[in-house]
Structures are given as C-alpha cells and as structure tokens.
Amino acid sequence: MADLTRDRNSVLQVGLWSMLLCSIGMSLGDLPDGFSLAVVVLNRLLSLMAIGIALTLSLQWLSSRAHLHQNRDDLRRAQRQLKRLQTTLDMLSIQTDTGYWHFETQSRVFYWSDIVSRIVGQPAGQPVPPGGGMEFFPEPGYWQLREAFEQCVQTGKSYSEQLPMTSTSGQQRLVKTSGRPWYNERGEQIGVVGTLRDITGTTLSREQFVENAQALQQQLDALPVTVWRAQPDGSIDYFNQALSDYSGEPRETLSAPGEWLTLLHPDDQERCTRHWIRCVESGLPYQTQFRIRRYDGQYRWHQVQATPIRDLSGKITKWYGSAVEIPEATVKT
C-alpha cells in the first residue's frame, strides 16, 4: 500500500486501524479450542508487533523516498544553475575573446575552453596536451611560465604573463596568460584557474576601451545572480544590477558605504561581517550562507563566496564575489 499510495497519512491511518481492530478482536474473541490463554495472548501480541513493525518500516520507507526525491530535486536545480552560470561564462568569454582553463591538482589534468583551442591552433574538443599548452611557448618564455605556474600550484601565488607563443601551424602570436589558485568550500587549494588571450597586434583606442567596458558592464548587469567586488581592505565598491532588482532598493542607495548590510537578516549581520573581516585579514576565500531581504520583505537564504585576486608579488588587489539564492533545505546550520 505504501508503494501504491505514496501517502504517509493513509498508511498511518491503515496501520493504526489495523492495530485497533486487532486489539478489539483480542478482547472480544473466544479462546480457540486446545490453546491456553498464554499462548493465545502471545500470538495476538506478536500480531500487533508485526503490524507495528510493518507500519514503522512503511513510514521509514516513505520518509526515505521523500528525502531522496528532495535531494534529487535540489541536485537538478543545482545542475540547472551550474548550466546557466557555465553559459554565462562562455558568453563572457566570447564577448571578450578570452579563453579560460583550469588545472586539478589531484588528478594533474588540464581543461580549457574552445577559445584556447583556437588560439593554440588545436581543433575544439581534442584533449589538452599533458603540459597544459606550455609547450607552445618557446624558451625562455616556457621556463618563465612553468615557474610561475608551479609557484601558483605550490604556494597559491597568482601570476600574469605576456609572452610569445607558437601555434600548432607555426604562427607566431603574442598572448597574455594568467593563473590564480582555485579553492574548495573549506578553503583548501585544489588547483589553478586561468585565462589566455591573443593580443597580437592589438592596440585599443580610448573609444574602443570605453566600448568594451560598457559591453562588459551590460553583460554583468544581465547576469541572473548578484556579482560584487571589494577593495583589498574589504570595502564593497561594486555590485551588478541583480542585487538592486532582487532587493527593490535603488542602486544609488545601495552604493553608499555599508548600506548593503541593511539587506541582511538582523540575526546574520554580525556573523557574516565577522567572517568577512577574518577572510580579508587572512586572504582566505570567503564562503558563507546568509539571508537577504527580497523586494517583498521576505528573507531568502543565499550562498555567498568571494575570491581574492593577487598581483605578481602576492598582494591582494581586489576581491570578486557572488551571491546565489539557495533552497532553505540546503542551508548548513
């Protein structure tokens, strides 16, 4: 019945009625011939116990099934969100003509986008060379880039290099490549993420620079999640239009120093501020969950994270972060 109805209340009612009717039968029924009272009572108690066990197992099965469905729904939502973010990243990559790549420390495996494949002259979809493409850089650039990359893997030191590169077809290119540490939710470095851009013969005029900046601003404002930026001292100096749309507060109002904190649930303000100060002082990535007030006055949970960007000397120059609404059931308490 549990499998047919999938209704917890129906199964519970049937189980309780069965136990009640069995108890009434025990009280009103006559003793069978040839059986003592003790044997009959024991038999009927075992029947009640069997009904109780079956009821408990059925309810547990329904609870586990509901939990499994909830987890499956949460996973599907997370996958859809990840797909949207991936699409946005690809869109920004195409808009700026910048390829991106990442390296996983544990597996020692590289991945790069189609734009990187195009820059190095390799067909899209082909596996990344074991060296991560560093073999396309002639000496001494190869050793310069390799040392910077290994330093990033071992110590978390970000880098940005402008070097000559030779594609698979023998074309000479000038590229700008960068890398920074990649952390998990516990603040442990698990790899390196970076970009590659072909800057051969590119000299942007002031008008082109302004146009590109405006295009990037429009792309950021079109994102469905909040994107924000902070100075090395932790002061927020930028967020995209999504936060204003979500909260209903004018962007000019939220731009005032510390004004964005008024959107946080009063119970979360001190905790998230204290954690943010610790991350700014230590340089560790910021990972937390707190509630943000929506335009209708309701507080909704968000997954908030930020990563520091460092210069070649290892000094933090900016913090870049995001805030994504999450189901309350996934909140870690």
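Buried means under 20% relative accessible area, exposed over 50%, and partly exposed in between, with a 1.4 Å probe and protein chains only. The model is predicted, so local features need pLDDT of at least 70, side-chain atom pairs count only at pLDDT 80 or more, and totals for chains, interfaces and linings use all residues. Residues are numbered from 1 along each chain as its sequence is written, and side-chain values use heavy atoms, with hydrogens and water left out.

**Exercise 1.** Classify Ile53 by its relative accessibility.

*Solution.* The value for Ile53 is 46%, so this residue counts as partly exposed.

**Exercise 2.** Classify the ring pair of Phe103 and Phe149.

*Solution.* Rings of Phe, Tyr and Trp (its six-membered ring) pair if their centres lie within 6.5 Å, and planes under 30 degrees apart count as stacked, over 60 as edge-to-face and the rest as tilted. For Phe103 and Phe149 the centres are 5.2 Å apart and the planes stand at 75°, so the pair is edge-to-face. Both Phe103 and Phe149 are buried, and together with Trp101 and Phe110 they form one aromatic cluster.

**Exercise 3.** Describe the pair of Trp276 and Tyr286, and decide whether each residue is buried or exposed.

*Solution.* The centres of the two rings lie 5.0 Å apart with 75° between the planes, which makes the pair of Trp276 and Tyr286 edge-to-face. Trp276 has a relative accessible area of 10% and is therefore buried, while Tyr286, at 3% relative accessibility, counts as buried.
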